[in-house]
Amino acid sequence: MESRTSTQHTKIVVAVALLRRRPGLEAELFIARRTSPESVAGMWEFPGGKLEPGETLHEGLHRELLEELGVSVVLHEEIVGGGHASFSPESGWWLKETTAMRLFRGELVDGEPFPLQDHDRVDWVPVTPRLLDYAWIPADRPIVEQILRDVSV
């Protein structure tokens, strides 16, 4: 059973790396372009958002994806960054000094992603080194690099 997370000292953000494989094509990753705040507007990220008090990681992520994109997903394993400086097994991927992100692999099960909040564009892109050509939010770039390593294994 999934445990409840404590947000006493660290703000937790939950996000998903939605992956799909279509016959004859490379694996694709779903990405979303931010509209705000101004410091990250126009940059790409993994969809998700802030965990609310009392929510499990999965509950918060399901709520955020329904609010932001109007979709339901099945969640799989957490994406970990073995040996990466911005990853901690206890907290996840550090975005800022007081904010960490827990990122899960996911698969779309209902709905077609459409930017309802916080994004002006969404896209499915091939999981190739060209992913690094996108203007990622700086804290998300190490995660993209990890996904590229994981998919190439």
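**From a loop to the pocket**

Reply: Let's start at a loop: Pro-37 sits between strand S2 (28–34) and strand S3 (44–45), where helices are DSSP runs of H or I with at least four residues, strands are runs of E with at least two, and both are numbered from the N terminus. The peptide bond that joins Ser-36 and Pro-37 is cis, with omega at about -5 degrees.

Two notes on what you are looking at. This is a predicted model, with residues numbered from 1 along each chain as its sequence is written, and local features need pLDDT of at least 70. Side-chain atom pairs count only at pLDDT 80 or more, while totals for chains, interfaces and linings use all residues, and side-chain values use heavy atoms, leaving out hydrogens and water.

The protein chain has 2 helices and 9 strands, in the order β-β-β-β-α-β-β-β-β-β-α along the sequence. The C-alpha trace spans about 45 × 35 × 35 Å along its principal axes. A compact globule of 153 residues would have a radius of gyration near 15 Å, and the chain agrees, at 15 Å; this radius is taken over C-alpha atoms, and the globule rule is 2.2 Å times the number of residues to the power 0.38. Buried residues account for 46% of the 153, with buried meaning under 20% relative accessible area, exposed over 50% and partly exposed in between, for a 1.4 Å probe and protein chains only. Of the contacts between residues at least 6 apart in sequence, 70% join residues at least 24 apart; a contact means heavy atoms within 4.5 Å.

UniProt, in an unreviewed entry, lists residues 9–149 as "domain: Nudix hydrolase"; its positions follow the numbering used here, feature names are shortened, and annotations may be inferred rather than shown by experiment. Over that range the chain is 16% helix and 40% strand, and the end C-alpha atoms lie 31 Å apart.

Now the pocket itself. Rolling a probe the size of a water molecule over the atoms shows where empty space is left. On a 1 Å grid over the protein atoms alone, a cavity is a set of points where a 1.4 Å probe fits but cannot get out, whereas a pocket is an open set with protein on both sides within 12 Å along at least five of seven lines; lining residues have an atom within 4 Å of a point. The largest pocket has a volume of about 570 Å³, that is, the space filled by probe spheres set on the points, which are joined across faces, edges and corners.

Its lining is made of 26 residues, and Val-13, Arg-34, Glu-45, Lys-50 and Leu-95 lie nearest the centre. By class, 11 are nonpolar, 5 polar and 10 charged; Ala, Val, Leu, Ile, Met, Phe, Trp, Tyr, Cys and Pro count as nonpolar, Asp, Glu, Lys and Arg as charged, and the others, Gly among them, as polar. Strands S1 (11–20), S4 (48–50), S7 (92–96) and S8 (99–110) and helix H1 (57–69) each supply at least two lining residues. S1 gives the largest share, 4 residues.

So let's follow S1. Beyond its neighbours within four places in sequence, Thr-10 contacts Trp-94, Thr-98, Thr-99 and Ala-100. Lys-11 belongs to S1 and, at 37% relative accessibility, is partly exposed. Lys-11 touches Lys-50, Thr-98, Thr-99 and Ala-100, with residues up to four places away not counted.

The C-alpha atoms of Phe-104 and Val-16 are 4.9 Å apart, across 88 residues of chain. Among the residues that Phe-104 touches are Ala-15, Val-16 and Ala-17, together with Leu-57, His-58 and Leu-61.
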